[in-house]
Amino acid sequence: RLLTAVVRERGDYPLLIRARNDFGTAEKRLTLKIGEKIALTPPLGWTSWNAYTQDVNRERIEASARAIVESGLAAHGYSYVNIDSSWQGERDEKTKALQPNEKFPDMGGLVARIHGRGLKAGIYSTPMVIAWGSDESRLYRGGTGYPLDPADYHDYFGGCGKVGYEQADAAQFAAWGFDWLKYDWPTTDVVHSQRMREALDATGRDIVLQLCTQCKVKDAAEYAKVSSLVRGTPDTKDEWSYLLKGEPPRALFKGADDWLDHVRPGFWYDLDMLALGTMRCWRTEHAAKPGEPPPASFSNCLTRIERESHFAWWAIIPSPLFLSCDVTCLDDETRRLVTNEELLEINQDYPAVPATFDDFANGTRRIWKRTLSDGRRVLGFFNLGDSAWPVRHPLDGRFAVRDVLRR
């Protein structure tokens with residue numbers, strides 16, 4: 001059931017929710033915090049890139065939104081449906097705002113239907129002339145970002161200009177009803193981040209700003225003033241050695257290490273999309289139609305233990321949790337893992353105190369440690385090496401212990 005209300009004054013509003021069915025009753029006390037800060041817990045959702053790459057279209061977004069509700073993901077907090085790159089067309093001659101291509105004939109109507117399912121909608125953009133994940137000859141004649149700036153130039157994607165389209169684009173995103181903007185360019189500089197934040201704020205709409213992909217920890221304090229999520233690691237991939245070792249600048253698994261002192265409610269380090277489920281990205285074949293079983297070659301390449309380790313690591317830090325698989329064909333094992341209520345409770349604990357860690361054996365063994373708001377302690381033992389690890393409990397005293405993976 002979808003409940004709506006209007007709050008006319010800022011403040012904290014306590015809310016008690018009770019549920020009852022044949023199995024018993026449960027209740028949860030929540031606090032609605034109405035104010036300047038948004039994304040007070042790590043956002044959960046789905047994004048289109050790994051699932052469909054350039055084959056994204058209106059039909060696939062609508063089918064994914066429907067599947068998120070029908071699979072139970074929405075009931076577990078996965079609330080964002082984000083359209084990644086390849087939606088862009090030409091700029092409006094009068095407003096200069098970027099318009100969708102032929103794959104998205106009614107962007108405002110699409111967003112309204114996503115909202116009608118009780119979900120939120122996100123979109124992708126860039127200050128570059130050509131967006132990551134785009135093919136200039138295929139999609140873009142007019143370009144997606146700034147007039148070319150030779151002082152800040154990428155051989156293929158162009159550069160960021162002195163005068164951009166932030167105001168026009170932000171106004172268009174807000175008019176369509178979007179709740180999230182993924183803003184993506186190689187330099188991920190503070191100046192262009194500030195410009196877009198100011199443009200989004202001027203619309204009067206709460207819009208989460210995600211910055212990627214080469215955010216620098218030295219600028220963390222400045223990023224925190226304008227954005228809710230930052231990322232400085234490569235894209236995920238369902239290959240264990242890739243997740244573990246990664247590419248420069250840092251291995252994906254350890255990409256958040258230097259950022260933990262800056263993580264707090266409203267500002268999160270994003271380890272990128274979860275490499276779970278069936279995905280078109282990194283595959284040569286075209287994606288299956290929504291609702292059809294994916295080709296066998298789309299099967300996830302991680303083992304069960306690798307998938308559990310990947311999801312638990314992201315959850316404990318805590319990192320935002322975004323699926324990017326074909327959710328219209330979500331397998332039961334992945335669904336059970338990503339809806340593990342105890343891991344999600346750890347991830348969503350408020351106010352979040354980020355995890356700390358101890359490394360052993362040259363970083364191949366790690367213990368994550370985190371204290372939740374109710375005093376419970378979370379311990380995550382990760383053996384990233386090839387040999388057995390006899391573990392000694394790192395806390396003194398006697399404890400009741402629960403294995404949240406096995407429930």
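Biologist: What volume does the largest cavity have?

Modeller: Rolling a probe the size of a water molecule over the atoms shows where empty space is left. In this predicted model, the largest cavity has a volume of about 140 Å³, and the count of cavities of 30 Å³ or more comes to three.

Biologist: Which residues lie nearest the centre of the largest cavity, and which strands supply at least two residues of its lining?

Modeller: The lining is made up of 15 residues, and those nearest the centre are T47, N82, K182, Q210 and F322. Strands β7 (120–125) and β10 (180–185) each supply at least two residues of that lining, which by class holds eight nonpolar, three polar and four charged residues.

Biologist: How should I read the second largest pocket, and which element gives the most to its lining?

Modeller: The second largest pocket has a volume of about 1,100 Å³, and of the 35 residues that line it, L379, G380, R402, D403 and V404 are the closest to its centre. Helices α8 (304–316) and α10 (341–347), together with strand β17 (377–383), each supply at least two residues of the lining, and β17 gives the most, with seven residues. By class, this lining has 20 nonpolar, five polar and 10 charged residues.

Biologist: Turning to helix packing, at what angle do α4 and α5 pack, and how far apart are their axes?

Modeller: Helix α4 (residues 166–176) packs against helix α5 (residues 190–202) at an angle of about 45 degrees, with the axes 8 Å apart. The two helices are therefore oblique to each other, and their crossing is right-handed. On the α4 side the contact involves E166, Q167 and A170, which meet H192, R195, M196, A199, L200 and A202 of α5; by class, this contact has five nonpolar, two polar and two charged residues.

Biologist: Which peptide bonds are cis, and where are the prolines found?

Modeller: Most residues other than glycine have a negative phi, and most peptide bonds are trans. Here the peptide bond from I317 to P318 is cis, with omega near 5 degrees, and P318 is found in the loop between α8 and β14 (321–323). A cis peptide bond also joins Y350 and P351, with omega about -5 degrees, and P351 is found in the loop between α10 and β15 (356–360).

Biologist: What is the phi of A39, and where is this residue found?

Modeller: The phi of A39 is near 55 degrees, a positive value in a residue other than glycine, and A39 is found in the loop between β2 (24–34) and β3 (44–47).

Key
Residues numbered from 1 in each chain as written. Predicted model: local features only at pLDDT ≥ 70, side-chain atom pairs only at ≥ 80, totals over all residues. Heavy atoms only, no water. Axes fitted to C-alpha atoms, helices over the stretch in contact; angles between N-to-C directions. Helix = DSSP H or I, 4+ residues; strand = E, 2+ residues; numbered from the N terminus. Parallel < 35°, antiparallel > 145°, perpendicular 65-115°, else oblique. Left-handed = near helix turned anticlockwise from the far one by under 90°. Contact = heavy atoms within 4.5 Å. Nonpolar A, V, L, I, M, F, W, Y, C, P; charged D, E, K, R; others polar. 1 Å grid on protein atoms, 1.4 Å probe; cavity = no way out; pocket = protein on both sides within 12 Å on 5 of 7 lines; lining within 4 Å. Points joined across faces, edges and corners; volume = space filled by probe spheres on them.
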